[in-house]
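Visitor: I am new to this structure and would like to go through it by question and answer. Please show it before we start.

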Amino acid sequence: MMSSLAATQLVPLAEELDKNKVTPGVLGFIVFAVIGVAVWFLMKSMNRHMKRVDFVEEPDASGAVPADKASPTA
């Protein structure tokens with residue numbers, strides 16, 4: 001019952017707004033589409049570059065302990 005009362009109070013406020021000023025229009029759609037296409041191309045490029053990476057971590061041959069593991073801090 002409260003929701004219908006709130007909705008009836010908000011309807012006149014929505015009718016006062018100019019519908020041409022509320023929507024982003026064609027320019028907003030074009031900008032959003034361009035950003036979407038750019039992100040798609042960036043993701044495609046990133047996947048291509050990640051497939052080229054060939055990383056195999058090899059243990060240190062000298063047997064030395066890395067500096068960050070040598071002395072624990074309190």
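Visitor: In which element is the place of His49?
Guide: This is a predicted model, in which local features need pLDDT of at least 70, side-chain atom pairs count only at pLDDT 80 or more, and totals for chains, interfaces and linings use all residues. Residues are numbered from 1 along each chain as its sequence is written, and side-chain values use heavy atoms, with hydrogens and water left out. Helices are DSSP runs of H or I with at least four residues, strands are runs of E with at least two, and both are numbered from the N terminus. On that count, His49 lies in helix 3.

Visitor: Is His49 buried, partly exposed or exposed?
Guide: Buried means under 20% relative accessible area, exposed means over 50%, and partly exposed is in between, with a 1.4 Å probe and protein chains only. The relative accessibility of His49 is 43%, so this residue counts as partly exposed.

Visitor: Which backbone oxygen does the side chain of His49 reach?
Guide: The distance is 2.8 Å. A polar contact is a pair of N or O atoms within 3.5 Å; within protein, one must be able to donate a hydrogen and the other to accept it, and residues adjacent in sequence count only if both atoms are side-chain atoms. The backbone oxygen reached by His49 belongs to Ser45.

Visitor: How many aromatic pairs does a search of the whole structure find?
Guide: Rings of Phe, Tyr and Trp (its six-membered ring) pair if their centres lie within 6.5 Å; planes under 30 degrees apart count as stacked, over 60 as edge-to-face and the rest as tilted. The search of the whole structure finds 1 aromatic pair. The ring centres of Trp40 and Phe41 are 5.0 Å apart and their planes stand at 70°, so this pair is edge-to-face.

Visitor: Why does Val53 count as exposed?
Guide: Val53 sits in the loop between helix 3 (25-52) and helix 4 (67-70). Val53 is exposed because its relative accessible area is 51%.

Visitor: Which element has the lowest mean pLDDT?
Guide: pLDDT is the predictor's confidence in each residue, from 0 to 100. The protein chain has 4 helices and 0 strands, and its mean pLDDT is 78. Helix 3 has the highest mean among the elements, 95. The lowest, 60, belongs to helix 4.
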